[in-house]
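Dear colleague,

I am handing over the structure below, and my notes on what was found in it follow. Please read them with the structure open beside you.

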Amino acid sequence: MTLRVSIGLLLVLARIAWADGVADSGEGETIVIVDRAPDADAAPAARDRDRALGDAPFVTIVHSDDHPATTSVADALGAAAGVQSRSLGGLGAYESISVRGASPGHTSVLVDGVPLSRLAAVTTDLSRFRLDAFGEVELYRGAVPIELGGAGVGGALNLVTRLGRGERGDRLRATIGAGSYGARHARLHYGDAHRDGELLSSVNAGYQGATGDYSFFSDNGTPLNSRDDAYRERRNNGFRQLDASARVGTRDRGKAGGVRVAHKRQGLPGSANQPSYDASLTTLDVIGDGRFDVAVGRATARQLGYLLVETQRLRDPLNEIGLGALDRGYLTLSGGAQTTWSMPLGRHRATAGVELRGDKFTDADRSSRAATLRGDRVGTAVLASLDLSLDDAATVVVTPAMRIDVLRTDPAPISAGPSAGMPLPVRWDRVPSPRLSARAVVTGDVAIKTSAGYYVRLPTLVELFGNRGTIVASPDLRPERGPSTELGLVWAPAKAISGVDRILVEASAFGTRSRDTIAFVSSVGYVARALNVANVQTYGGEVVASARIARVLAITANYTRLVTEQLSEDPSYSNKALPRQPAHAVYARLDAQQTLRGHRAQLWFDGSWQSTTYLDQANLMTIPARTLAGVGTRVEIAAGVAAAFSVENLFDVRVQQVPLDPPPRPDLTSTSIALADVGGFPLPGRTVYLNLDWSY
């Protein structure tokens, strides 16, 4: 799969225009998580049909009532095709997502269009975000709208706050629940309309926490000796979080603004064989933004301004996770503004904009008189795109787009090692991101979509200059860059077929070839260094299918095939898979819903399977294939009150077998390890949760 082939496909698509059109609405594959499902008696077409056919390239809809009340954004996205959820194991642990085999840093996270990535880190802890705190969550895969970054690998995740009343007209919604490992939560949401419905508001407040300690299987670091195997307690795994938000905006979303605050304290339990019992991280986040649209003649100008404040305190008094006893305080200040102008040009549309941004990072040693480290980055971006509609019905739309970022990084001196105290030069990076995408509606129910482009990801401040703790400086890192491409189709019938309705099928193929790939490589214990490891080739395919039978039984399934190859001159790594990337992943869910004596009842089963993954570049440390199942039910009781009960890891899988090839002796062909995520962190066994919700 090459850029030449994909661009050729774009030219072929430009000749296809047969049927009714669907208006174009941006670039990128989008997963949207909506917080309420429509009535079961709704129209037979898939509820996400318009976006599935109209957005370029793809749209998938996942509903929050498919998941337990405490489900995080990362967990929900982990059930979607092409997305792998990454965690450090256990409730409340750090979570991120990997899209199409790209590292989590390739998927930027935004809240109401405000980028949360800082110069210190591109990843964001998604465990802080619950589904019921937002109206919808948009995940753009591969191609991304230029105002959100214009990436071509990974994507962008935009969490959109719900304004006004719920889908069923409710203004007030409250939930409370408790479950295994001391998990508990309470959340309150109020949304309403004002001034004859022209002004909408939303207020959210919530608490969640868990003691988090659970037993897991441990081989005691001796996989070939089963005599010291035992179940141990994973300690220091608890967390507590408080969050609140308030937002107001007009019905047409032309004007909106708000503030969001979250405070979280969590233990850092370490790995199975290197636990930590007293390390902790406390984080306070504040996000404020405002936006408004202005009509200037035929053009529309969209303005956005925002400010982010994040404070963190990392404590490791027993030197369990770093290079010494740590008590560090981090402060990140980020601010920015963006103006984007859009104008129709006949049946076409042009978009252009400018973005300004600044970040300041401070690292203070609270346990000594060492000098405070400071770094800053300022940047600007110029962006432009042109939607070319090749016919009046907009059945074929081709969109060339370009985004150019220019950034200046002023680093602080490195505090440790042979270069300690030496001044570092100012760093300039110029980043072009061109992309060409197309969408063709072949029939009223089928659309073909494709894109091809070039992406660049800059190293972060932590990757460049370390953090005096677990990450060593690498000031000579080169930006990661390369071409990417994708091609696929969507089938979403408007009418039922033999009693089967809400049919949606999406299939796509993708490929990326990155140069100077940035990855963290561990050395001793938890200490790591960011390196340009090798060139990497990634390609694969995704299939998503859903349907409803007799308006009672709903079936959803997806499959992802992913091939990753390290193009390294080192024979130990050459053609080996990237760490933490399963070659196969399957998810399926069966829902039954019925109304009994005026009360709606729902029962669901789900299951997932993923193939073997590796923890290291040489593919020597293996996480075996795993199969997990879950079940749940929700019943409406009376007066807006409903109860839900769910079970994850239904069969209490806690031990897996790893084949030994070659076996060290005839009677030892496999060894036991703990059930773990793709990062090797142990996962809990059977988990139950009871939730009560009330809406009015």
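The protein chain has four helices and 39 strands, where helices (H or I, at least four residues) and strands (E, at least two) are DSSP runs numbered from the N terminus. Please keep in mind that this is a predicted model, in which local features need pLDDT of at least 70 and side-chain atom pairs count only at pLDDT 80 or more, while totals for chains, interfaces and linings use all residues. Residues are numbered from 1 along each chain as its sequence is written, and side-chain values use heavy atoms, with hydrogens and water left out.

Of the 696 residues of the protein chain, 52% count as buried, a term that means under 20% relative accessible area, whereas exposed means over 50% and partly exposed lies in between (1.4 Å probe, protein chains only). Among the contacts (heavy atoms within 4.5 Å) with a separation of 6 or more in the protein chain, 66% come from residues 24 or more positions apart.

Phe605 lies in strand E32 (residues 599-610), and it counts as partly exposed because its relative accessibility is 43%. Arg589, which belongs to strand E31 (residues 584-596), has a relative accessible area of 5% and is therefore buried. The side chain of Arg589 is joined to that of Asp591 by a polar contact of 2.6 Å, that is, a pair of N or O atoms within 3.5 Å, of which, within protein, one must be able to donate a hydrogen and the other to accept it, and residues adjacent in sequence count only if both atoms are side-chain atoms.
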